[in-house]
Amino acid sequence: SLPDIWNAYSAGYLGLAKRGGYRRSLLIRFEDLVHDEKSFLKKVADVLQVDVSSSNFSMVTKAAKGHGTARGSSDELDQISKRRFIKKYTLAELKVACDMLNWTLAKAL
């Protein structure tokens, strides 16, 4: 199930970060990326030890793909901030997903 996959991947990422599986690592939620692109870019640049103040970087806000239901960052932020994605699920489906999620992991992220 999707909650099982989320639990497994989240536990794996947190475990690698704790054990130093990567010398420099950064766990970022998609919502954080969409909500504040500039802060996200700064965090990534700090981990990579690169300077983002130069003109070598620019934010792309349009949709990354040209097929399907691609959205740009402002549309994605609207979806997330207004929680419109929840309308795709029934109340029963949301309850099952919430019951299956590992909330200790969710709070750690």
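Figure 1. D46 counts as partly exposed because its relative accessibility is 45% (buried is under 20% relative accessible area, exposed over 50%, partly exposed in between; 1.4 Å probe, protein chains only). The model is predicted: local features need pLDDT of at least 70, side-chain atom pairs count only at pLDDT 80 or more, and totals for chains, interfaces and linings use all residues. Residues are numbered from 1 along each chain as its sequence is written, and side-chain values use heavy atoms, with hydrogens and water left out.

**Figure 2. The salt bridge between D99 and K95**. The whole structure holds two salt bridges. In this one, the closest N and O atoms are 3.0 Å apart. D99 and K95 are four residues apart in α5, so about one helical turn separates them. Both are exposed.

**Figure 3. Buried and exposed sides of helix α4**. Helix α4 spans residues 73-81, and S73, E76, Q79 and I80 are buried there. Seen down the axis of α4, these buried residues fall within an arc of 120 degrees, so they line one face of the helix (the arc is taken from the directions from the helix axis to the C-beta atoms). S74 and S81, on the other side, are exposed. The cover over the buried residues includes α2 (30-35) and α3 (37-48).

**Figure 4. S10 in helix α1**. S10 counts as buried because its relative accessibility is 6%. Leaving aside neighbours within four places in sequence, S10 is in contact with L105 and L109 (heavy atoms within 4.5 Å).

**Figure 5. Lining of the largest pocket**. On a 1 Å grid over the protein atoms alone, a pocket is an open set of points where a 1.4 Å probe fits, with protein on both sides within 12 Å along at least five of seven lines; lining residues have an atom within 4 Å of a point. The lining has 31 residues, of which L2, W6, E31, F85 and L101 lie nearest the pocket centre. Helix α1 gives the most, with seven residues.

Technical notes: Helices (H or I, at least four residues) and strands (E, at least two) are DSSP runs, numbered from the N terminus. A salt bridge is a side-chain nitrogen of Lys or Arg within 4 Å of a carboxyl oxygen of Asp or Glu.
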